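Q: Could you walk me through this one slowly? I'd like to go through it a bit at a time.

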Amino acid sequence: MASAGSYLDNFRALTEGLTTALTKNLTLMREDDLRCQLSFTDLHGKEAEYLEAEGMDDGELQEKILEEIAAKQQQILSLSDAKIQLAIQNIDLVQGSLSKLDEDLKNFVAQLISTEEQDGSWSGMADDTAGALPSCLDASDISGDPDEPVYCTCRRVSFGDMVQCDAPTCPYEWFHFECVQLSQAPKGKWFCPHCRYHRMAVDKAGF
């Protein structure tokens, strides 16, 4: 069973690795951008040379300059494509790391709850959060409007009775009653299962 120390070590290793990879890609993007700017400067210079050659009615020189202009344009396109690919890599890195962090946190919290349930110290909390992340996605509840915001762990649009999580950093904000096993609005402050799990993990780890 993973300990709080090993969970935090994995967390630090993953975030440090992500930071290193992102920094490397951003540095490459900056270098490509500088080369792209220099190529644009050269391109403008070649365009001026072409206009000058056109005035001299020098067809051979014009053809040579046009070839150089085409080469510069291709270089700019290649550099732009390279920057796009690096940006896509960064997005994939972030999304992959977030998925891994979320999976690790859920596994860690599940292990904590399992351990504490054996001692009986978190039995009430375990009962309160049991089945709190249901698979309640129904295609009939998904809006046809792609711009309509979605909420809750089921990632559906707003409908019916909903409750707001009081955690300021909650990634889901609002929850359908059915998804968090509620039949009526809670009294006082209410924190969703995701934020309760996170707070338990942090408290258990001593942070």
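**Cysteines, cores and a histidine**

A: Let us begin with Cys 154, which counts as buried because its relative accessibility is 8%, and please keep in mind that this is a predicted model.

Q: OK, and which cysteine sulfur is closest to the one in Cys 154?

A: That is the sulfur of Cys 179, at 3.8 Å, which is too far for a bond because a disulfide needs the two sulfur atoms within 2.5 Å. Cys 179 counts as buried, because its relative accessibility is 0%.

Q: How many disulfides turn up in the whole structure?

A: A search of the whole structure finds zero disulfides.

Q: Switching topic, which residues have the most contacts inside the largest nonpolar core?

A: That core has 16 residues, and those with the most contacts inside it are Cys 165, Cys 170, Phe 175, Trp 190 and Cys 192. There is also a second, separate core of eight residues, which includes Leu 8, Phe 108, Val 109 and Leu 112.

Q: And what about His 176, buried or exposed?

A: His 176 counts as buried because its relative accessibility is 1%, and its place in the chain is in strand 4, which covers residues 174-176. Leaving out residues up to four places away in sequence, His 176 touches several others, including Cys 152, Cys 154 and Ser 158.

Q: Where is Glu 148 found?

A: Glu 148 lies in the loop between helix 3 (123-129) and strand 1 (150-151), and at 34% relative accessibility it counts as partly exposed. The C-alpha atoms of Glu 148 and Ser 158 are separated by 9.0 Å, with the two residues ten apart along the chain.

Conventions: Residues numbered from 1 in each chain as written. Predicted model: local features only at pLDDT ≥ 70, side-chain atom pairs only at ≥ 80, totals over all residues. Heavy atoms only, no water. Helix = DSSP H or I, 4+ residues; strand = E, 2+ residues; numbered from the N terminus. Buried < 20%, exposed > 50% of the residue type's maximum accessible area, 1.4 Å probe, protein only. Contact = heavy atoms within 4.5 Å. Core = buried A, V, L, I, M, F, W, Y, C linked by side-chain atoms within 4.5 Å.
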